[in-house]
Amino acid sequence: MRPYVFINSAMSADGKISTVARKQVRISGEDDLRRVDALKANVDAVMVGVGTVLADDPKLTIKSVVLKRTRVDQGRTESPLRVVVDSRARTPPTAAVLGPNALIVTSRQAPRHRVEELETKAEILVVGERKVDLAALLGRLKDKGVESLLVEGGATLNFALLNLGLVDEIYTYVGNIIIGGSAAPTLVDGEGLTNDFVKLNLQEIRQIGDGVLIKWRVVSF
Ligand SMILES: NC(=O)c1ccc[n+]([C@@H]2O[C@H](COP(=O)([O-])OP(=O)(O)OC[C@H]3O[C@@H](n4cnc5c(N)ncnc54)[C@H](OP(=O)(O)O)[C@@H]3O)[C@@H](O)[C@H]2O)c1
């Protein structure tokens with residue numbers, strides 16, 4: 001048993017989610033940022049890979065005061081549980097994601113001193129020997145009451161989850177810019193597939209600002 005999992009990402013017209021410098025770049029406009037905030041307000045947890053934490057230092061919290069208040073009125077936390085997949089505990093102790101309601105998921109190979117440093121600023125969960133065992137993690141999140149999980153990248157985590165058949169839906173906002181660069185991350189990187197590709201069903205296409213939102217459902221086997 002696992003939560004309902006969906007990936008949300010903004011990418012350029014050429015499929016890049018960042019530049020060759022791997023730093024955050026503005027791909028979508030205010031309208032789409034509001035859509036993402038509303039999406040976040042509806043889920044129990046938001047998850048990223050440590051690569052995204054190191055590159056972008058995201059907070060992963062809800063921005064809208066109204067949406068935060070609505071959650072609290074419903075008896076929920078102001079923002080969803082913030083989860084970082086981080087086998088070696090590389091999340092910097094100063095990372096913006098740390099604080100109450102943050103969960104750093106490591107493997108057994110994480111150095112003890114780094115875990116101890118993070119332990120004062122977030123809950124730590126050890127799942128896996130060398131890498132975080134993603135299937136086991138989703139089971140643990142479900143046990144904690146997480147029914148819906150929004151994955152906000154990056155490219156490596158997206159691949160790992162899709163490759164394991166752990167994703168139900170993908171939302172991509174395609175912005176009106178070209179980034180280019182063969183080393184720039186795309187929506188899904190990792191080792192890639194040479195056959196048995198992940199198949200998708202088109203659910204919705206909607207223009208938002210100068211770009212387009214595409215919703216896909218992952219076809220399960
Ligand atoms: N446009 C957008 O919407 C958007 C959103 C998010 C990110 N981004 C961009 O994406 C880039 C970051 O992506 P990224 O691919 O470098 O990093 P990432 O996918 O965020 O994180 C990957 C890291 O997660 C850790 N990990 C732990 N267990 C894993 C497992 N079982 N499978 C896979 N990974 C596991 C690995 O590090 P350890 O082995 O050390 O654990 C791995 O290197 C940045 O440039 C960022 O700006 C863009």
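Helices (H or I, at least four residues) and strands (E, at least two) are DSSP runs, numbered from the N terminus.

Before moving on, a word on the model. It is predicted: local features need pLDDT of at least 70, side-chain atom pairs count only at pLDDT 80 or more, and totals for chains, interfaces and linings use all residues. Residues are numbered from 1 along each chain as its sequence is written.

**Next stop: α6.** Select A155, L157, N158, L161 and L162, which are buried (20 or more other C-beta atoms within 10 Å of a residue's own, with C-beta atoms placed from the backbone; exposed is 12 or fewer, partly exposed in between). Now look down the axis of α6: its buried residues fall within an arc of 165 degrees, so they line one face of the helix. That arc is taken from the directions from the helix axis to the C-beta atoms. To see what covers these buried residues, show β1, β2, β3 (81-85), α5 (134-143) and β6 (148-151), which are included in the cover (contact means C-beta atoms, placed from the backbone, within 7 Å). After α6 comes G165, with a positive phi near 70 degrees.

**Then β3.** Five of its five residues are buried, so β3 is largely enclosed by the rest of the structure. β3 runs parallel to β2, joined by five bridges, and G49 stands opposite V85. With β4 (residues 102-106), β3 pairs in the parallel sense over four bridges; there V84 stands opposite I104. Strands count as paired if DSSP finds at least two bridges between them.

**Last, the whole sheet.** Zoom out to an open sheet of nine strands with mixed pairing, in the order β5-β4-β3-β2-β6-β1-β7-β9-β8. β5 (123-126) and β8 (200-208) are the edge strands, each pairing on one side only. Finish at β8, which runs antiparallel to β9 (residues 211-218) over eight bridges, and find I205 opposite I214 in β9.

Terms used. Two residues are in contact if their C-beta atoms, placed from the backbone, lie within 7 Å.
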